[in-house]
Amino acid sequence: MTIEYALTDRQTDRQTDNRNYGIDALRLLSMFFVTVLHTIGHGGVIDNTVGIKNDMLSLVRIIAYCAVNCYAIISGFVMYSDQEKPYRYSKYITMWIQVFFYSFGIGLLMFLIKGNDSIALKELVKLALPVSTKRYWYFSAYTGLFFIVPFVNKFVRGLSRKSSTIFVIVLFVLFVCYGRSGSFYLNSGYSSAWLIIMYMFGAWLKKCDIIQKVSCSYSWGGLIAFTLVTWLFKILSPIGENLFVSYISPTIVLNAICWILIFARMNINSIFKRIIKFLSPAAFGVYLIHEHDIIKRNFISDKFIWIAKLDWWLIPLVVLGCAFCIFAVCLFVERIRLSLFSTLRINKLAEKICYKFEVFIRKFVNKICDCMND
């Protein structure tokens with residue numbers, strides 16, 4: 001007996017035009033939301049505002065807070081299929097190389113320019129190990145999700161539509177509604193467990209064809225309602241911030257689902273399709289660049305406190321403008337990296353090496369299974 005893993009088949013990953021460009025557009029919007037959150041938070045704006053200024057910033061922050069959940073749900077929506085397909089573990093290597101490029105590359109560049117005064121050699125070594133040293137929490141958490149995706153898909157595939165809906169409701173009650181209790185600790189959403197739960201939400205949306213069952217008007221209505229409820233609880237209740245402004249908040253999760261429902265049904269013309277197709281692969285690079293400790297420390301942390309001194313109606317507009325500048329610059333840099341890697345064929349070389357390793361692992365596992373069944 002042999003055991004078949006959905007490992008890499010290089011012929012099965014060709015791009016088709018069946019992709020959902022609305023979902024790709026949401027990837028870009030979600031990453032823009034991330035820069036908004038970091039401008040408000042890391043930039044020191046919200047901590048230096050009170051009264052109506054703080055309330056307006058909180059509204060912007062709440063709208064953007066579902067960004068991480070959107071990203072994880074999109075993974076489930078895109079990667080789940082009712083038919084079993086080969087799973088490309090080699091993609092992790094290309095992702096890791098991308099993370100290493102920025103984690104170590106930015107540190108090395110700073111070391112070469114300023115020497116030990118800017119970064120110690122010990123820190124440089126840590127930057128070369130981005131996952132084990134948790135340089136980027138999302139990538140470290142996503143690593144845990146990535147390697148079990150085929151098994152999660154197999155589990156969801158084995159459920160009926162009714163059973164999968166019941167299962168998602170149970171997940172929502174236990175881990176979203178009661179996610180902050182000690183019995184269901186999820187580290188406020190900064191964990192692999194939370195990304196797995198969100199992935200299952202995305203798989204459920206696709207399996208049960210929820211996109212076609214919920215109209216855009218209901219999705220927009222839900223998005224506005226959940227946003228206002230979260231905002232009102234935040235500004236009117238002393239415990240509103242802790243209960244509702246979090247990745248694991250019920251209203252924030254529902255907001256993320258509403259965004260998915262809205263963008264998945266979006267009709268996009270051919271011009272915007274080309275723009276989205278060109279830019280969406282660079283979205284993750286925006287996070288890797290501006291969240292690097294060196295970039296954050298020198299260009300973002302407490303660098304936007306001046307915004308807090310502006311008029312209350314101007315603050316949200318300036319925050320969005322500054323966030324967009326960060327987003328655009330990082331997007332431009334990542335597009336250059338993608339072009340460079342494509343020219344040097346770095347990703348293809350890494351995938352070939354990983355593919356051969358996968359074949360070896362598959363043969364090894366099958367041989368063990370054969371021995372156990374003899």
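Biologist: Is Glu334 buried or exposed?

Modeller: Buried means under 20% relative accessible area, exposed over 50%, and partly exposed in between (1.4 Å probe, protein chains only). Glu334 counts as buried because its relative accessibility is 0%. This is a predicted model, in which local features need pLDDT of at least 70 and side-chain atom pairs count only at pLDDT 80 or more, while totals for chains, interfaces and linings use all residues. Residues are numbered from 1 along each chain as its sequence is written, and side-chain values use heavy atoms, with hydrogens and water left out.

Biologist: With which residue does Glu334 form a salt bridge?

Modeller: Side chains of opposite charge can pair when their charged atoms come close. A salt bridge is a side-chain nitrogen of Lys or Arg within 4 Å of a carboxyl oxygen of Asp or Glu. Glu334 pairs in this way with Arg337, and their closest N and O atoms are 2.8 Å apart. Both residues lie in helix H17, three residues apart, which is about one turn of the helix; helices (H or I, at least four residues) are DSSP runs, numbered from the N terminus. Arg337 has 4% relative accessibility and therefore counts as buried.

Biologist: How many salt bridges does the structure hold?

Modeller: The structure holds six salt bridges. One of them joins Arg135 to Asp293, with the closest N and O atoms 3.0 Å apart. Arg135 lies in the loop between helix H5 (121-127) and helix H6 (137-146), and Asp293 lies in helix H16 (residues 293-300), so the pair ties together parts that are 158 residues apart in sequence. Arg135 counts as buried at 17% relative accessibility, whereas Asp293, at 30%, counts as partly exposed. Lys296 forms a salt bridge with Glu291, at 3.7 Å between the closest N and O atoms, and both of these residues are buried.

Biologist: Which residues form a positive surface patch?

Modeller: Patches are made of residues with over 30% relative accessible area and no salt bridge, like charges being joined within 9 Å. Lys and Arg count as positive. Here the positive patch is formed by Arg345, Lys348, Lys352 and Lys356. Arg345 is placed in the loop between helix H17 (315-344) and helix H18 (346-373), and Arg345 counts as partly exposed at 47% relative accessibility.

How values were computed: Patch = residues over 30% accessible without salt bridge, like charges linked within 9 Å, V, L, I, M, F, W, Y side chains within 5 Å. Areas by Shrake-Rupley, 256 points an atom, 1.4 Å probe, with all protein chains shown as cover. Charge placed at Lys NZ, Arg CZ, Asp CG, Glu CD. Helix = DSSP H or I, 4+ residues; strand = E, 2+ residues; numbered from the N terminus.
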